[in-house]
Amino acid sequence: MMRLLLNAVLATLMVGVCQGAVASCLGSAGTAVNCTSPDNEYCLGRVLAVTAVNGLSSQTPECSATACADATTCANCTTADCNTDPAVANYTCSTYSFNTTTSKYDVGAAADDATCWKAVGDHGACKTPGSAAGADNSTLFVTTATCGGCSAADVTANICVTVSSARAAGVALVLPLLAFLLHAFF
């Protein structure tokens, strides 16, 4: 009887130690790493970062006893090897400079376009100057700051307009085609 009681206590203790612990997570090299501590309840992983060099946040994929503090930079999950990187694709957004002569924004040269990142299958978003955008808003429309959507406050104030990267690419393809057709038939 004592032996059965001892086995039951040991089994309960073992379940208590293992409960919630993740066995393995993907490490920084993308291969499985054993989570040796029973406190490791989470696998942490990277998330999409629209302005990062490779499209991924700087979070190191690893085992952790605590969940992510900031969902914009980190993802967490609780099953073995669940912290895979999201599939990302790059796209470009135009940059803009404020013209003090016309008091309007001019689109930058194609060579100055910003490389941005999006989830595969999604449309990327780009910021473009709104009708109320002035010189003091110029930081919104340079380099990778043009990547992603406008803030609600900037949209309400007509400082910024969000456009789809697919729309921007469509315009870039349609205008030369339209010019060719007009020239060919007129």
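F141 is buried in this predicted model, with a relative accessibility of 0%. Its ring forms an aromatic pair with that of Y96, the centres lying 6.3 Å apart and the planes at 85°, an edge-to-face arrangement. The pair joins distant parts of the chain, 45 residues apart: Y96 belongs to strand 7 (residues 96–99), while F141 sits in the loop between strand 10 (125–129) and helix 2 (152–156). Y96 counts as buried too, at 16% relative accessibility.

A further pair is made by F98 and Y105, whose ring centres are 5.1 Å apart; the planes stand at 70°, over the 60° cut-off, so this pair is edge-to-face. Y96, F98, Y105 and F141 form one aromatic cluster, and the structure holds 3 aromatic pairs.

Another buried residue is N83, at 5% relative accessible area. N83 lies in the loop between strand 5 (75–77) and strand 6 (88–93). Its side chain reaches two backbone atoms: the nitrogen of L26 at 2.8 Å and the oxygen of L44 at 2.8 Å. Beyond four places in sequence, N83 touches C25, L26, C43, L44, G45, P61, E62 and C77.

The average pLDDT is 83, and 78% of the residues score at least 70. Over residues 1–19 pLDDT stays under 50, and the model has 1 contact beyond four places in sequence for this stretch. Residues 169–182 have pLDDT below 50, with 1 contact beyond near neighbours in sequence. Where pLDDT is low, the predicted coordinates should not be read in detail.

Notes:
Residues are numbered from 1 along each chain as its sequence is written. This is a predicted model: local features need pLDDT of at least 70, side-chain atom pairs count only at pLDDT 80 or more; totals for chains, interfaces and linings use all residues. Side-chain values use heavy atoms; hydrogens and water are left out. Helices (H or I, at least four residues) and strands (E, at least two) are DSSP runs, numbered from the N terminus. Buried means under 20% relative accessible area, exposed over 50%, partly exposed in between (1.4 Å probe, protein chains only). A polar contact is a pair of N or O atoms within 3.5 Å; within protein, one must be able to donate a hydrogen and the other to accept it, and residues adjacent in sequence count only if both atoms are side-chain atoms. Contact means heavy atoms within 4.5 Å. pLDDT is the predictor's confidence in each residue, from 0 to 100. Rings of Phe, Tyr and Trp (its six-membered ring) pair if their centres lie within 6.5 Å; planes under 30 degrees apart count as stacked, over 60 as edge-to-face and the rest as tilted.
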